[in-house]
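Have a look at it first, and then read on.

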Amino acid sequence: MIREDLQDKTGFSAAESAVADHLLQLGAAIRGLSARAIARQVHTAPSTVVRLCQRLGFEGYPDFRDAYLDELRYLSSAFTDIDANHPFTAADDDASLAGKLTVLYHETIDDTAGLLDPAVLTAAAARIAAARTVHVFSQGVQADVAADFADKMSRIGRQVTVHPLADRGFYTASTLAKEDLALAISYSGETAGTLRAVAMAARRGAALIAITSYGRSRLADLADLVLHVSTRERLVEKLGGYAMSLSTLFLLDSLYSAVFNLDHDANLRHRTALVHGYEFRRGSTNPVLRDRWSRRDDDAGTL
């Protein structure tokens with residue numbers, strides 16, 4: 001994030017470091033301040049402020065200021081009750097532990113929903129619906145979360161393949177074309193194997209949607225569209241990836257639902273007929289679980 005880059009100061013001159021410290025101290029107070037005003041407060045030249053902003057990847061100070069204010073707004077918007085990295089302590093009994101996770105889950109969904117741009121969701125669903133095939137590139141547990149997305153999509157006639165292995169993903173990416181779509185999932189946005197695969201897919205002309213953390217990353221730079229997960233967990237020092245997994249599941253379910261709703265009635269008919277054709281023997285004595293219809297054995301397989 002911008003705040004971390006300002007704290008890190010890698011490659012900064014002494015004057016730029018002084019500006020970075022002042023920007024961190026000012027925080028949201030930079031709203032309404034020009035580069036000249038900030039330079040005057042630090043006793044340096046306005047060009048130093050602009051040069052620092054460009055070093056951080058922005059065209060100039062106004063772009064930096066807007067992005068920094070957006071980041072500060074996000075960081076102060078949620079998660080006031082539970083630390084996503086350490087949501088419980090050794091002193092918590094099981095009831096307290098479950099209660100804290102309940103709060104964490106609520107805050108994670110609220111946080112992710114707050115980051116979700118409806119226009120990006122609409123555009124991503126349209127890209128997925130128009131694609132010949134969809135390929136999900138992700139390493140680690142997020143590939144398991146994506147498997148549920150692939151299963152849902154298959155039941156409405158959409159082909160989605162998950163590639164959890166970096167080498168196989170890369171080789172598959174080399175076969176894609178502009179009719180296909182790559183969906184990359186990486187919390188850091190810097191996972192080497194995933195980046196190699198999606199860079200190859202991009203060179204082949206495939207569209208790219210990224211699910212990654214809030215902030216700048218190589219994956220976000222490569223992607224045509226970016227959906228942000230809740231960004232409250234550190235990469236390593238945490239008790240578990242609670243927020244990332246739940247946030248990814250929410251975004252993938254949102255994508256599936258948006259694709260479904262592009263042709264709701266047709267997708268509902270297709271899914272109902274397909275599922276009934278395979279699961280016609282399923283039943284339950286629980287009236288809550290029981291479906292409103294029943295099928296004879298000799299109807300099995302008829303779509």
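Helix α8 passes α12 in a right-handed crossing, where right-handed says that the near helix is turned clockwise from the far one by less than a right angle. Their packing angle is about 20°, and their axes lie 10 Å apart; the angle runs from 0 to 180 degrees between N-to-C directions, with axes fitted to C-alpha atoms over the stretch in contact. The two helices are therefore roughly parallel, a term for angles under 35 degrees. Among the α8 residues that meet α12 are Val145 and Phe149, contact being heavy atoms within 4.5 Å.

This is a predicted model, in which local features need pLDDT of at least 70 and side-chain atom pairs count only at pLDDT 80 or more, while totals for chains, interfaces and linings use all residues. Residues are numbered from 1 along each chain as its sequence is written, and side-chain values use heavy atoms, leaving out hydrogens and water.

Which residues of α8 are buried? They are Gln142, Ala143, Val145, Ala146, Phe149, Ala150 and Met153, buried being under 20% relative accessible area and exposed over 50% (1.4 Å probe, protein chains only). Seen down the axis of α8, these buried residues fall within an arc of 155°, so they line one face of the helix. An α-helix has 3.6 residues a turn, so residues three or four places apart point the same way. The face of α8 turned away from the buried side carries exposed Val141 and Asp144. Besides α12, the buried residues pack against α7, β1, β2 and β3.

Key
Helices (H or I, at least four residues) and strands (E, at least two) are DSSP runs, numbered from the N terminus. The arc is that of the directions from the helix axis to the C-beta atoms. Angles under 35 degrees count as roughly parallel, over 145 as roughly antiparallel, 65 to 115 as roughly perpendicular and the rest as oblique.
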